[in-house]
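Here are a few notes to read alongside the structure, written for someone opening it for the first time. Have a look around before going through the points.

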Amino acid sequence: MTKERWLEDLCRFLPEQQVKIDEPLHLHTLTRMGGPADIFVTPITEDETAETVKYAYENNISLLLLGNGSNMVVRDGGVRGIVLNLKSLQAIRVDGESVYAQGGANIKEVSKVAAKRRLTGLEFACGIPGSIGGALAMNAGAYGGEIKDVIRQATVLTREGEKLVLSKDDLALSYRKSVITKKGYYVLSAEFDLEFGKQSVIDAKMSDLTYQRESKQPLEFPSAGSVFKRPPGNFAGKLIQESGLQGKGFGGAEVSTKHAGFIVNKNNATANDYIQTIEMVKAAVREKFGIDLELEVKIVGEDLA
């Protein structure tokens with residue numbers, strides 16, 4: 001089947017304006033890089049999401065979930081098949097000490113909503129740029145906190161479009177891993193268990209963590225965030241810095257001079273520039289320290305023909 005046929009089929013259960021053909025993905029990634037998606041779908045309900053997932057499965061069409069485009073590098077040739085963007089699924093609801101958020105909601109915004117309601121436990125997430133779905137899939141963490149510390153349950157779709165409710169134990173959360181990534185689930189929503197705290201303490205912690213992030217991370221340039229996972233007993237940024245790689249890179253991509261764990265799009269970098277810089281870093285750290293850095297970012301799509 002052609003992408004024009006996919007477009008026609010999808011518009012039978014999705015409004016036309018929610019389905020785009022050959023959509024440039026650099027408009028939807030925080031690196032500001034990436035070629036076109038054959039089909040780009042933005043459902044506004046969970047039922048539309050389930051129908052899209054089911055359609056892709058039944059027709060053997062590749063399906064890529066794109067949250068807010070953090071933690072992902074899309075190659076310059078773009079993505080074949082369907083790219084599913086859940087940015088319209090961003091409802092947030094607070095009930096007592098529980099917070100509910102849809103998969104497309106920004107985890108930063110969820111932490112801010114919780115803080116305003118005097119709820120403590122999600123302060124660590126106030127600087128994480130990902131969606132709830134991405135944060136849950138990767139068990140995102142920062143400043144001593146992780147999603148697994150506060151999650152109660154999540155509602156997901158299987159690859160076949162079946163809806164499941166998974167408990168904290170079912171999610172099998174560990175360092176940057178979960179059953180979601182293992183089985184290819186799509187996160188529709190999550191519920192968090194928080195606690196009431198003292199407003200002044202919560203506000204002070206949020207302010208402190210925001211300051212730490214803004215002063216130490218290269219937020220002035222597009223990037224995929226922290227590129228590498230933390231090696232056991234060490235820090236990727238420290239190894240990269242001690243390898244003398246800051247300021248080095250290919251094309252418009254560069255290892256940040258502010259934080260060596262970041263590779264930034266400093267001057268209209270291509271995805272190929274970014275990936276070459278990643279490989280340079282891995283090779284240099286391996287040669288100097290004998291450590292193989294493992295990617296935290298996900299690289300998807302195809303190279304330019």
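**Notes on the active-site residues and their surroundings**

1. Let's begin with Arg 176: leaving aside neighbours within four places in sequence, Arg 176 is in contact with Met 138, Asn 139, Ala 140, Gly 141, Glu 146, Lys 229 and Glu 296. Contact here means heavy atoms within 4.5 Å. Arg 176 has its place in the loop between helix H5 (168–171) and helix H6 (179–183). With a relative accessible area of 11%, Arg 176 is buried (buried is under 20% relative accessible area, exposed over 50%, partly exposed in between, using a 1.4 Å probe and protein chains only).

2. Before going on, a word on the ground rules. This is a predicted model, where local features need pLDDT of at least 70 and side-chain atom pairs count only at pLDDT 80 or more, while totals for chains, interfaces and linings use all residues. Residues are numbered from 1 along each chain as its sequence is written, and side-chain values use heavy atoms, with hydrogens and water left out. Helices (H or I, at least four residues) and strands (E, at least two) are DSSP runs, numbered from the N terminus.

3. Which residues does UniProt place under "active site"? The unreviewed entry gives Arg 176, Ser 226 and Glu 296. They span 121 residues in sequence, yet no two of their C-alpha atoms are more than 12.0 Å apart, so they gather at one spot. Bear in mind that UniProt positions are given in the numbering used here, feature names are shortened, and annotations may be inferred rather than shown by experiment.

4. Now for Glu 296, which lies in the loop between helix H9 (271–289) and strand S18 (298–300). Glu 296 is buried too, with a relative accessible area of 14%. Not counting residues up to four places away in sequence, Glu 296 touches Asn 71, Met 138, Tyr 175, Arg 176, Ser 226, Val 227, Phe 228 and Lys 229. Notice that Arg 176 and Ser 226 are both among those contacts.

5. Tyr 175 turns up again in a charge-over-ring arrangement: the charged end of Arg 230 sits over the ring of Tyr 175, 4.7 Å from its centre. Likewise, the charged end of Lys 288 sits over the ring of Phe 289, at 5.7 Å from the centre. To count, NZ of Lys or CZ of Arg must be within 6 Å of the ring centre and within 35 degrees of the ring normal.

6. Helix H7 (residues 199–216) is worth a look end-on. Its 18 residues reach 26 Å from first C-alpha to last, close to the 26 Å expected (the expected span is 1.5 Å times one less than the number of residues). Ile 202, Met 206, Leu 209, Gln 212 and Arg 213 are the buried residues of H7. Seen down the axis, these fall within an arc of 130 degrees, so they line one face of the helix; the arc is that of the directions from the helix axis to the C-beta atoms. As background, an α-helix has 3.6 residues a turn, so residues three or four places apart point the same way. The cover over the buried residues of H7 includes helix H3 (107–116) and strand S8 (119–120).

7. What follows helix H2? Asn 60 does, with a positive phi near 55 degrees. Asn 60 is found in the loop between H2 and strand S3 (63–66), and is exposed, with a relative accessible area of 71%. Asp 22 also has a positive phi, of about 55 degrees, although it is not a glycine. Asp 22 is found in strand S1 and counts as partly exposed at 38% relative accessibility. For context, most residues other than glycine have a negative phi.

8. Finally, two loop residues. Thr 29, in the loop between strand S1 (19–24) and strand S2 (36–41), counts as buried at 0% relative accessibility. Ala 91, in the loop between strand S5 (79–85) and strand S6 (92–95), is partly exposed, with a relative accessible area of 36%.
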